[in-house]
Amino acid sequence: MKNYLSALAVLVLLNCSKTVTNEEYRVPDDYRAWKKPTDKILDYIVPGHGKSARIIYANDEFYNVKINEVNGVKRYSFNDGTVIIKEVYPDKDAVRTSDPMLTIMVKNSKSPDAIHGWLYYMQNPKTDIMEVNTRMCVGCHEAANDTHPYFDKNPNQEFRDFVFVINEK
C-alpha cells in the first residue's frame, strides 16, 4: 500500500509540473558555496518530504529580507531574486554519498506563475528541472506564517513570507 501511495504521489506531481528551460531557471553550479540559514541537517518528518535528510542553502538576497513590525508582530518580506535550495536525501547516511533531489523556491512576484510571489521547482538527480505549478508546495509553506511544529515553531505567528527557516545566525 505504501509503495502504491508513493507512486500515486509521483504521478500527480508529474502531471502538475512542467519541464523548465534553462532560460526560465537553472540551479547555479556554485549553490553549495552559499550560506546556510541553519547549519543543522534536518532529519525529522515534514509534510512533502517525509523522513528524509535536508540541507538548506540560500543566496545573498535571502539575507536582505525586510522586517517590519505591525502591531508588535514581525513581518518578513523577501525580495524578488531570493533563492532557497534544499537538498533532500533519503536519510542522514545518504548525505553527501548520493546525489540529492533539489527543491527550490525562487521569489519572483512579477511572474504570472508565482503563488504568493514564489515559484517552486524540483530536480531529481540527473533529470530536468521541473516547475511545480500546483498548490502542493505552497499549501504546506503557508503554515510557515502561523505557529507550526518546525524550527523555532513561530510562536508569535509572524508573517514569514512562506519561509520556514528564518536565518538562525
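Hi everyone, let me start with a term: a nonpolar core is a set of buried Ala, Val, Leu, Ile, Met, Phe, Trp, Tyr and Cys residues joined through side-chain atoms within 4.5 Å. Buried, here, means under 20% relative accessible area, with a 1.4 Å probe and protein chains only.

A word on the source. This is a predicted model, where local features need pLDDT of at least 70 and side-chain atom pairs count only at pLDDT 80 or more, while totals for chains, interfaces and linings use all residues. Residues are numbered from 1 along each chain as its sequence is written, and side-chain values use heavy atoms, leaving out hydrogens and water.

Now the overall layout. The chain has two helices and eight strands, taken as DSSP runs numbered from the N terminus (helices are H or I, at least four residues; strands are E, at least two). Along the sequence, the order is α-β-β-β-β-β-β-β-β-α. Of the 169 residues, 41% are buried. If we take contacts (heavy atoms within 4.5 Å) between residues at least 6 apart in sequence, 51% join residues at least 24 apart.

Back to the cores. The largest nonpolar core holds 19 residues, and Tyr-25, Val-27, Ile-85 and Ile-104 touch the most other members. Strand 2 (53–58), strand 5 (83–89), strand 6 (101–107) and strand 7 (118–123) each give this core at least two residues. There is also a second, separate core of 18 residues, including Ile-56, Tyr-120, Val-132 and Val-165.

Let's zoom in on Val-165, which sits in the segment after helix 2 (136–141). Its relative accessible area is 5%, so Val-165 counts as buried. Beyond its neighbours within four places in sequence, Val-165 contacts Pro-37, Thr-38, Ile-56, Phe-62 and Phe-151. Asp-152 is 13 residues from Val-165 in sequence, and their C-alpha atoms are 8.4 Å apart.

My last stop is Asn-154, also in the segment after helix 2. Is Asn-154 buried or exposed? With a relative accessible area of 0%, Asn-154 is buried. A polar atom of the Asn-154 side chain lies 3.2 Å from the backbone oxygen of Asp-146. Setting aside residues up to four places away in sequence, Asn-154 touches Ala-144, Asn-145, Asp-146, Thr-147, His-148 and Arg-160.

Notes
Buried means under 20% relative accessible area, exposed over 50%, partly exposed in between (1.4 Å probe, protein chains only). A polar contact is a pair of N or O atoms within 3.5 Å; within protein, one must be able to donate a hydrogen and the other to accept it, and residues adjacent in sequence count only if both atoms are side-chain atoms.
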